[in-house]
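Some labels given to parts of a protein model rest on a value and a cut-off. The questions below ask how a few such labels are reached.

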Amino acid sequence: MLSWTLRIDHSIQDRSQTGMSGDESNHSDHEASNGVEEAKRVETSLPEDGAVKRERPDDPEKSPSPPLKKARTESSEQDSEEKKSKGEEQESPSKSSDIRKNGKDKEKEKRGGDEKKSKSEKEKDKRDDDEKKSKPEKEQEKRDDDEKKSKSRKDKEKRDDDEKKIKSEKEKEKRDDDEKKSKPGKEKDSEKRREKDRRSRRDKSKSRSPESKRRRSEKDKGKSRKKEDRNDNHKEKSRREKDSAKEDVSKDDGLEEGEVVEPAREPTARELERMRLIEQLAKEDAEMDGPSSSARGNEPAHNSRACPYLDTIDRKVLDFDFEKLCSVSLSHLNVYACMVCGKYFQGRGTNTHAYTHSLDTDHRVFLNLHTLKFYCLPDNYEVDDPSLEDIKYVLRPTYTKELIASLDRQHRMARAYDDSTYFPGVVGLNNIKANDYCNVVLHALSHVTPLRDYFLREENYESIKRPPGDKLSLLPKRFGELIRKLWNPKAFRTHVSPHEMLQATVLCSDKKFQFIKQGDAAEFMSFLLNTLHIALNGTQKSSSSIIYRIFRGRMRQYSRRVIPAEATEHQRLQLLQLPEYNESAKELPFLYLALDLPPAPLYRDEQMQNIIPQVPLTALLQKFNGTTEKEYKTYNENIMKRFELLRLPEYLIITYKRFHKNQWFVEKNPTIVNFPISNVDLYDCLSEDTRGEHKYTTYDLVANVVHDGKPDSGTYRIQLVHVGSRKWFELEDLHVKEILPQMIVLAESYIQIWKLNRKKTREERMSEAVDDDNSAS
């Protein structure tokens with residue numbers, strides 16, 4: 001074996017040295033490969049008897065190693081060594097050719113490997129160059145891919161959100177449908193449970209009662225009588241059930257009078273059976289006098305629930321000062337206010353204006369201006385929520401006796417919804433066009449405490465009955481509503497619009513006083529006081545109405561006709577014998593005192609300016625001292641009059657005659673009246689026979705109405721005192737500002753309201769005045 005392997009090595013060396021041609025090397029390589037394979041087969045296949053069988057391996061590199069061959073052949077090839085050597089010498093030419101061929105293949109493979117290596121290196125260099133060149137492009141492509149991925153991710157998230165929303169809406173609709181479907185079943189189950197509870201209570205009461213046998217017998221008798229009467233009264237009972245069913249349906253709907261709704265449907269057989277069971281249970285409970293009957297009577301007449309649209313209410317746009325009319329049909333029946341936009345609409349049933357508005361604008365919450373109930377449209381269910389109480393209070397303020405008593409002690413300012421502060425009662429009144437002459441009178445009367453307290457409580461005058469069709473009954477209602485809004489401590493804004501009050505004034509005065517044309521404040525005040533007195537069923541008695549109890553005084557008037565200047569002495573004597581030329585006295589009531597102003601100067605002064613005269617109030621009050629006479633001229637006679645007071649009212653109204661009408665136009669007297677704002681004594685104006693009856697004769701100023709400008713185009717403003725804070729304020733339409741008391745006497749006063757001081761007597765006030773003068777000096 002060793003000799004064979006040595007011969008193979010020598011043949012390989014000979015081939016490499018001789019350098020065979022390609023065909024010969026191929027042939028020798030083929031022969032060498034065949035020899036190697038045959039040797040491999042011989043070495044690996046050893047029979048059991050120890051004979052060596054040669055086997056050609058497929059790959060010379062995979063042939064067994066020489067030591068392994070030696071170990072395998074030492075034990076079995078000792079006897080046949082010569083035979084093998086002979087056979088190997090015969091096969092040596094073929095083996096050498098195979099070896100040469102195998103070497104050539106190796107060289108070829110080596111050259112192919114070098115070529116492949118160089119080719120792979122070139123390809124690698126080319127790839128590196130391509131990578132360097134395409135790196136920005138790849139980065140751009142990467143960014144584009146990232147953008148596409150993010151965009152697709154966002155689109156996917158958006159689709160998922162939309163799908164979730166749609167799915168949630170579908171689930172919500174499904175739940176609503178299930179609730180609607182299960183509601184009758186729930187009602188039926190609850191009725192069954194209540195019926196079961198009643199029966200159990202009745203059984204327990206029967207078992208506990210000592211007279212159970214007697215009740216059972218009476219019940220059996222009653223059942224027999226019911227069975228006998230049931231057949232006779234079946235028709236009448238069915239008719240009653242239908243009528244009650246219709247009434248229940250109308251109650252459940254809760255529709256008010258004047259609302260346009262669809263006709264009520266006929267009750268179903270199930271509803272009739274349900275009502276029959278309820279009536280039967282109610283009768284049984286009444287017979288047994290069970291505790292459940294009172295509980296059932298406390299159940300509400302209709303279902304109410306919380307509303308998810310309460311956050312859409314806009315309190316800034318809510319204005320309940322205007323007339324309660326539908327903005328579409330102009331009807332005053334069954335009017336609802338939209339809580340989102342503040343507009344008024346009629347009805348809430350199908351095809352009504354409020355229903356249509358809720359569908360068109362998606363405004364859901366509405367308030368019935370008459371019943372003060374909130375509804376959600378178009379779902380048409382009542383909303384019951386405590387957060388809506390402030391809106392009800394603004395629409396219809398209510399005042400308790402304790403609250404009214406505390407109004408004059410309130411020195412803190414209230415806060416409106418827009419975060420502005422105000423004193424209740426000291427708020428602006430909207431001047432719609434030319435109604436400032438009405439606003440100042442309404443403000444002045446609202447600060448008359450007894451009149452304010454009377455109209456703050458609606459029950460004081462709501463029961464007063466007037467003849468059918470009397471339009472004067474509207475004036476007290478509107479005046480009371482305005483007073484309650486002016487003194488509202490929970491208002492949404494710091495001003496009020498007297499629109500409804502002005503509408504009632506135009507109607508009751510037959511369009512004499514309108515808000516589109518300037519008027520006289522004194523005339524309007526006289527009309528308002530007298531009309532309120534009549535509307536409150538007042539008579540000639542001083543105690544017949546709140547108006548007369550507050551403002552009505554009494555005076556004595558002395559009058560006589562003036563003898564003509566051209567009459568002779570004889571004629572004078574004859575005329576003095578006639579009663580009309582002799583002085584006569586009569587007592588007259590009064591609501592206000594009219595004071596005459598001295599005439600204004602006709603010429604300018606040295607500085608070419610008109611002299612504005614000033615006159616004290618005490619000089620003007622001498623008209624009523626009982627001694628000062630004044631001549632009053634008419635078209636055919638002259639009359640001398642003098643006055644004295646018999647009874648002083650609680651609140652004294654004084655007007656100054658500033659306007660005089662001549663043949664062509666109206667003139668204004670600019671004379672300024674000097675007056676103190678407190679401690680005005682009218683003791684000298686009382687008659688001597690009534691002075692002892694009056695313990696209190698001094699007055700304090702409450703309100704002062706001022707006129708500025710020309711008679712036909714001037715404006716009005718009012719100065720009044722807030723009792724709680726003791727501050728003076730000036731109000732002109734919507735403008736409210738605090739002023740000093742010293743500024744009041746500088747204006748051209750037109751109307752004044754004075755309050756009788758009942759805390760201190762005349763002597764006490766006089767001593768206070770003397771002390772003040774001494775301290776000042």
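Q: How many cavities of 30 Å³ or more does the count come to?
A: In this predicted model, the count comes to 4 cavities of 30 Å³ or more, where a cavity is a set of points at which a 1.4 Å probe fits but cannot get out. The largest cavity has a volume of about 200 Å³.

Q: Which residues line the largest cavity, and which lie nearest its centre?
A: The lining is made up of 16 residues, and D321, V394, A491, R493 and H495 are the ones nearest the centre of the largest cavity. Sorted by class, this lining holds 10 nonpolar, 2 polar and 4 charged residues, and at least two residues of the lining are supplied by each of α14 and β11 (495–496).

Q: Why is the largest cavity said to lie between domain 1 and domain 2?
A: Domain 1 (306–396) and domain 2 (403–550) both give residues to the lining, so the largest cavity lies between them.

Q: What makes α12 roughly perpendicular to α14?
A: The axes of helix α12 (residues 436–446) and helix α14 (residues 474–486) come within 11 Å and cross at roughly 70 degrees. Angles of 65 to 115 degrees count as roughly perpendicular, and therefore α12 is described as roughly perpendicular to α14.

Q: Which residues of α12 and α14 meet?
A: From α12, the residues L442, H443, L445 and S446 meet F479, L482, I483 and L486 of α14. The residues of this contact of α12 with α14 divide into 6 nonpolar, 2 polar and no charged.

Q: What kind of peptide bond joins L377 and P378, and where is P378 placed?
A: The bond that joins L377 and P378 is cis, with an omega of about 5 degrees, and P378 is placed in the loop between β6 (374–376) and β7 (381–383). For comparison, most peptide bonds are trans.

Q: What is the phi of K511, and where is K511 found?
A: K511 has a positive phi of about 65 degrees although it is not a glycine, and K511 is found in the loop between α15 (499–508) and α16 (521–535). Most residues other than glycine have a negative phi.

Definitions and conventions
Residues are numbered from 1 along each chain as its sequence is written. This is a predicted model: local features need pLDDT of at least 70, side-chain atom pairs count only at pLDDT 80 or more; totals for chains, interfaces and linings use all residues. Side-chain values use heavy atoms; hydrogens and water are left out. Axes are lines fitted to C-alpha atoms, for helices over the stretch in contact, and angles run from 0 to 180 degrees between N-to-C directions. Helices (H or I, at least four residues) and strands (E, at least two) are DSSP runs, numbered from the N terminus. Angles under 35 degrees count as roughly parallel, over 145 as roughly antiparallel, 65 to 115 as roughly perpendicular and the rest as oblique. Contact means heavy atoms within 4.5 Å. Ala, Val, Leu, Ile, Met, Phe, Trp, Tyr, Cys and Pro count as nonpolar, Asp, Glu, Lys and Arg as charged, and the others, Gly among them, as polar. On a 1 Å grid over the protein atoms alone, a cavity is a set of points where a 1.4 Å probe fits but cannot get out, and a pocket is an open set with protein on both sides within 12 Å along at least five of seven lines; lining residues have an atom within 4 Å of a point. Grid points are joined across faces, edges and corners, and a volume is the space filled by probe spheres set on the points. Domain bounds come from an automatic or database domain assignment.
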